[in-house]
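Let's take a friendly walk through a protein structure, stopping at a few spots along the way. Have the sequence and the 3D view ready as you read.

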Amino acid sequence: MKKKGNKYWFCFSIVLCIIAMLGANFLQTSGYSVRVTDLRWETPSGKMMSALLFVPKNASADKPAPAIITSHGWFNNREMQDMNFIEYSRRGYVVMSIDMYGHGNSDVLNTSTLTNRGIGMTDAVELMASLPFVDKTRIGITGHSNGAWASNLAVDDDNKKDTPLISAVLLVANDANYKDKDGNYYNKYGNRDVAIVAAAYDEFFFRVKNDQGGYSAPKDYINQPTAQSFLNFGVDPAGAELRTAKQFYTSTINGKEAIRAIYTPVQIHPWNTISSKVSAFSLDFFEKALGAPNPIPSNQQAWQWKQAFNIIGLIGFCIFVWALAKVLLDTPYFATLKTKAEVAPYPKPEGKNNTWFWVSLTLGAVVSFVSYLYLPLLVNKPGFRPVFFSQSPVFFIGAWAVVNALFTAVLLLITWFAFGGKEISLKERGVCIGWKAFGKSVLFAASVVSISFLLVFISDYLFKVDFRFWVIPVKAFTVDKIGIILMYLPFFLLFYLIHSVAVNAFNYVKQGKAWVNVAVLAFFMVLGALAYVIIQYGVFFATGKSWTEVMKPSISNIYGIWLFPILVYFPLAVMLDRSLYKITKNPYLGGLIFGAIMTIMACTNTLTQLP
């Protein structure tokens, strides 16, 4: 690509990101009728907590509005709740979207105190009740997954108050509390209005132990005694009225009419956060429970448009990283990293070399699959993870990356010694570039990553939005994450550097048109993860129980969910690596850039938990 073309794509990416920022901000503020504030406050827990506060124009001290506090699940953050905070705030509710302790911009708590004050939900309720424009008699709480667990903990705290503050509870993707400490069915929630969203294919919850020692499938939850007791306001379900999903049942408790309801969408656990059906149910529930100051039919939703702008932002960010790298390579200092002519592919391997080409790719995919399946059994052993690695999900993915990096290195050695690798020198392949060139490569990658995330911080500072879709988030982060990022960086750099060497220095061969080789390598790189997801959910949808539940009960279903973003990341890595290699013959540039970005994304969008 010529210099002019590089600058064109660079400018185009900035335009895309600006469109995404403006559009997402417009939707998030409901056409600038909702004020959005980034809150940071010290709580009674003695820690700093973070939240986004949405205050619609109708809310004032003279006319206080009902309020809803919403929480993400484990390993997520406040920005993931845009489906909720957009739809609630545009209907006139004051909304607070929190970062639970250990997540996002909130401080970390020790494991022993993590559940104190509802992981932050209780602190948020009390702050919300102190705001002059909030109707203290109409405060609702809701959360997804462990955010719903936080809601349950907050109800426990609220029950101890002389004047409870919570009047409505929506539990999304987590069970209610059905029995007391003695094992008897009870109504923990009193006369509060309460509803549950229980996906038919939820990976974690809505199972009841049966007489055979197994568990019921989540798709059968509505017929289980737990669900029936809940819908009957905590009575023993034996002999109680049989009740159904998506119906609002009422009962007068302590002089107040209370609501109970369960919705069972045909979805998986994480899909609840981007489901128009779940959104409609939640809006109907809070309309009945709290009353919306600005009633809008629940099927009229705008959050999907923000998701569209989020996607535009993600695309813009990806193009920005790629185009920025090309532009920097045109600068006098970094131009020495470029070659005079575009690097051509090596001849198509023949005979035993061709057989090994396909065998090695297949072996890489098999090891990726098998190691992902069995590695949790090792990583989760007590004492295996050093305590200073405070993010367990990132540690597991990092360990998996190291295993696959080392196996790929073995494959490259076999290629080198047994299948014609020595026919071309390592210097000719670009593997041996010298320490000076490698040092400049590191500086180049650091420049690309730093400038790219500067764009993310500008978006956060000016518009309170970031670039994300579902489980793929690129967000601004607080300074305390830098040390964590540096700690995990070697895991990801090792993987993406060796991967880039494999893709370019060894497997860049003629296979018809240029894109065919890229597509083949991308497919095999992601094949292990893709096979895991297909088998996991194929069995789940066919039987009502996931594959790991049936085959490996000790392995959590969370591992399948963690693969969703990887299905996107791996092909992108191949494309970036190849694009930069063709003009530099340097297989390290793409690996350094992608490894750093993946580390930042992983460490800034998960749970940090101290021992």
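## Before we start

Helices (H or I, at least four residues) and strands (E, at least two) are DSSP runs, numbered from the N terminus. Keep in mind that this is a predicted model.

Find Asn105 in the loop that links strand E4 (94-99) to helix H3 (121-130). Is Asn105 buried or exposed? Its relative accessible area is 11%, so Asn105 is buried, since buried means under 20%.

Which residues does Asn105 touch, once neighbours within four places in sequence are set aside? Its contacts are Arg40, Ser50, Arg78, Asp99, Lys475, Phe477 and Thr478.

## Two helices that cross

Two packed helices are described by the angle between their axes and the distance between the axes. For helix H12 (residues 481-506) and helix H16 (residues 566-584), the angle is about 60° and the axes lie 10 Å apart. That angle makes H12 oblique to H16, and their crossing is right-handed.

On the H12 side, the residues that meet H16 are Phe495, Tyr496, His499, Ser500, Val503, Asn504 and Ala505. Their partners in H16 are Tyr569, Phe570, Ala573, Val574, Asp577, Arg578 and Tyr581. Sorted by class, this contact has 9 nonpolar, 3 polar and 2 charged residues.

## Two residues with positive phi

Ser145 sits in the loop between strand E5 (134-144) and helix H4 (146-159). Its phi is near 60°, a positive value in a residue other than glycine. With 9% relative accessibility, Ser145 counts as buried.

Lys585 belongs to the loop between H16 and helix H17 (588-603). Phi of Lys585 is also positive, near 50°, and at 21% relative accessibility Lys585 counts as partly exposed.

Methods: Residues are numbered from 1 along each chain as its sequence is written. This is a predicted model: local features need pLDDT of at least 70, side-chain atom pairs count only at pLDDT 80 or more; totals for chains, interfaces and linings use all residues. Side-chain values use heavy atoms; hydrogens and water are left out. Buried means under 20% relative accessible area, exposed over 50%, partly exposed in between (1.4 Å probe, protein chains only). Contact means heavy atoms within 4.5 Å. Axes are lines fitted to C-alpha atoms, for helices over the stretch in contact, and angles run from 0 to 180 degrees between N-to-C directions. Angles under 35 degrees count as roughly parallel, over 145 as roughly antiparallel, 65 to 115 as roughly perpendicular and the rest as oblique. A crossing is left-handed if the near helix is turned anticlockwise from the far one by less than a right angle, and right-handed if clockwise. Ala, Val, Leu, Ile, Met, Phe, Trp, Tyr, Cys and Pro count as nonpolar, Asp, Glu, Lys and Arg as charged, and the others, Gly among them, as polar.
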